[in-house]
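Hi there,

Here is the structure I promised to pass on.

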Amino acid sequence: MLLIGDVHGHLDRFQEKLIGVPQSIQLGDFGFRHQHEWHLAHYDPTQHRVLFGNHDYYPGLHWAHSLGNHTYLPEYRLFAVRGADSIDRDRRTQGLNWWPQEELTYAQGLEALDAYEAAKPEIVLSHDCPQSVALKWYGINQPSRTRQLLQVMLEAHQPRLWVFGHHHRSQQQVRNGVQFRCLAELETMLL
């Protein structure tokens with residue numbers, strides 16, 4: 001399984017990453033309507049999946065290639081949860097390149113937390129990171145709904161590996177027994 005960081009519509013570079021790769025998960029910010037339609041036309045949506053971030057086409061959240069709000073893949077002991085907030089939403093257009101549902105609602109977050117606690121995964125994939133990581137690595141001390149949810153998940157159960165994108169920096173560090181890894185734009189990692 002190949003993990004791929006933010007694509008931001010760079011389809012040619014994304015396609016290069018998938019040469020000879022049987023399965024992948026892209027960690028969000030794949031692109032908007034055109035990019036998601038292109039993905040569905042070129043790849044098997046059951047083998048090459050997308051975890052939606054904050055720069056994605058939310059009317060396509062339930063299309064075949066999407067991991068939805070959250071999912072658990074038992075063969076990898078992997079839990080994935082979508083979403084992040086857009087700090088640039090005032091410079092974007094609702095319904096074109098920004099959607100209010102880019103973060104889980106409170107009810108969706110509770111559902112994701114229940115599924116996470118039941119699964120007790122070894123690996124977590126998310127677009128953003130837990131609030132404690134955002135504060136330590138990026139100096140972000142204003143929590144978003146997504147970072148708060150991810151923090152509660154981390155406090156409920158510590159996986160061995162947590163991989164995310166969103167921050168466009170290649171970083172890794174072990175904190176309290178959890179290996180955190182941020183993938184930069186189009187950076188890849190094999191599971």
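E102 is buried, at 2% relative accessibility, where buried means under 20% relative accessible area, exposed over 50% and partly exposed in between (1.4 Å probe, protein chains only). The side chain of E102 forms a salt bridge with that of R89, at 3.9 Å from N to O; the term stands for a side-chain nitrogen of Lys or Arg within 4 Å of a carboxyl oxygen of Asp or Glu. The two residues are 13 apart in the chain, and both R89 and E102 sit in the loop between strand 5 and helix 3. Helices (H or I, at least four residues) and strands (E, at least two) are DSSP runs, numbered from the N terminus. R89 is partly exposed, at 37%.

Before I go on, a word on the source: this is a predicted model, in which local features need pLDDT of at least 70 and side-chain atom pairs count only at pLDDT 80 or more, while totals for chains, interfaces and linings use all residues. Residues are numbered from 1 along each chain as its sequence is written, and side-chain values use heavy atoms, with hydrogens and water left out.

The structure holds 9 salt bridges. Another of them joins E122 and R160, with the closest N and O atoms 3.3 Å apart. That pair spans 38 residues, from the loop between helix 3 and strand 6 (123-126) to the loop between helix 5 and strand 7. E122 is partly exposed at 31% relative accessibility, and R160 is partly exposed at 48%. R77 joins E122 and R160 in a network of salt bridges. R181 and E187 also pair up, at 3.0 Å between the closest N and O atoms; R181 is buried at 14%, and E187 is buried at 17%.

Leaving aside residues up to four places away in sequence, R82 touches several others, including L51, F52, Y58 and T146; contact here means heavy atoms within 4.5 Å.

G28 touches L51 and F52 too, among other residues. G28 is found in the loop between strand 2 (24-26) and helix 2 (33-42) and is buried, with a relative accessible area of 0%.

On to the helices: helix 4 (residues 131-138) and helix 5 (residues 145-156) pack at about 110 degrees, with their axes 7 Å apart. Axes are lines fitted to C-alpha atoms, for helices over the stretch in contact, and angles run from 0 to 180 degrees between N-to-C directions. The two helices are therefore roughly perpendicular, a label for angles of 65 to 115 degrees. Q131, S132 and A134 of helix 4 meet R147, Q151 and L154 of helix 5. S144, in the loop between helix 4 and helix 5, is buried at 5% and touches D85, E103, D128 and Q131, not counting residues up to four places away in sequence.

Finally, a backbone detail: L186 has a positive phi of about 60 degrees although it is not a glycine, and L186 is buried at 2%.

Best wishes

Definitions and conventions:
Parallel < 35°, antiparallel > 145°, perpendicular 65-115°, else oblique.
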